[in-house]
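Here is a short report on a protein model.

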Amino acid sequence: MDLEKLYKKALDLTPLTAEEGTALYHEAPLEELMFIADNIRQMHVPGNNAGWIIDRNVNITNVCFSQCKFCNFCRTKDSPDAYVTSIGDYIKKIDELIALGGDQLLLQGGMNPDLGLEFYTGLFRKIKELYPALKLHALGPPEVVYLAKKEKLPYSEILGRLIAAGLNSFPGAGAEILSDRVRKIVSPAKATAGEWLDVMREAHRLNLATSATMMYGHLETVAERIEHLIRIRELQAEKQEGNYGFVTFIPWPFQDKGTVLSKKHGIKSTYNGPDYIRLIAISRIMLNNITNLQASLLTVGKEVAMLSLNSGANDLGSIMIEENVVSAAGSNNRFNVDEIQDIIREAGFNPVRRNQKYEPV
């Protein structure tokens, strides 16, 4: 393909086709992709600011029937180390979060067969009763699909009750790769690609601020990565004018240490720094209607995250006071408040603390 024509199309913020996106991924020089993506980032987020946030990821439970092949965190209900987090533990963890200046709690965990909608709405209400100013960024499409089937209710009703109980924003967890070929292998018991998108469609209709993610670098093809980006872009194009929709996109590489995919199937992470930078740039180019792009500092580390900020990304995410899922598969990059700001400055940007809606605070 004529790369110059594709670059011009991208810089005009015109949606690229799957064929065009795949061609760019395979054929375009990395430095040219970085340059184009950085220019597009300036259109969406003018200036020299890069965002970061203080929050804490508390896992509601580690019991999950899904048993995804990339996850070392989940347990069966009869496992000796199975748990459901107690209110006492939430209080301790939230107090530590507030002491560090944070005001957002990311609540995720397994799909525990013993926990229904009443449990989650009760939990949200109790936390909000104790901490009215705390923001809850909680659950994700797979949990909503699970709860809808368990309670025999539509996605809109599940989301509406969660919002009424205190849900403030909605993570894009469980997207992995939005290709059912891949999902049938790595997470066959989890929501299908279509179900994930349908839940997000309802979340956007209800004007929840949401994120979209991608876990890549296992057994997906480049064409499936591009398909994932296009499906997110097309859903974003459906949202009502003025509604939040996807406020950000966050790609992160598969962590393979000790996973079933690695031990039983021989699937190792294909992650390398240049390919992550290429994916960041391609994501910025393909997602012409999503404002923010977060690099996964937790999984790629300082140097690659810094390059990402010069390749289309405009955010490095959270200092992650607590994170248990990807850490269980080998990720060990942790940074404090000063360190994450120093990383942003070293990359040539001005650190701006923000909330989950990507508004400066």
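## Terms and model

Helices (H or I, at least four residues) and strands (E, at least two) are DSSP runs, numbered from the N terminus. The model is predicted: local features need pLDDT of at least 70, side-chain atom pairs count only at pLDDT 80 or more, and totals for chains, interfaces and linings use all residues. Residues are numbered from 1 along each chain as its sequence is written, and side-chain values use heavy atoms, without hydrogens and water.

## Largest pocket

A pocket is an open set of points on a 1 Å grid over the protein atoms alone, where a 1.4 Å probe fits, with protein on both sides within 12 Å along at least five of seven lines. Lining residues have an atom within 4 Å of a point.

Strand β1 (residues 49-53) gives the most to the lining of the largest pocket: three residues. The lining includes Asn 49, Ala 50, Gly 51, Arg 354 and Tyr 358.

## Nonpolar core

A nonpolar core joins buried (under 20% relative accessible area, 1.4 Å probe, protein chains only) Ala, Val, Leu, Ile, Met, Phe, Trp, Tyr and Cys residues through side-chain atoms within 4.5 Å. The largest has 101 residues; Leu 24, Leu 107, Phe 124 and Phe 170 touch the most other members. Helix α12 (residues 273-286) gives the most to this core, with eight residues.

Beyond four places in sequence, Phe 124 has contacts (heavy atoms within 4.5 Å) that include Leu 107, Leu 136 and Leu 162.

## Helix α6

Eight of the eleven residues of α6 (residues 141-151) are buried. Among them are Glu 143 and Tyr 146. Their cover includes α5, α7, β5 and α9. Just after α6, Lys 152 takes a positive phi of about 55 degrees.

Technical notes
Buried < 20%, exposed > 50% of the residue type's maximum accessible area, 1.4 Å probe, protein only.
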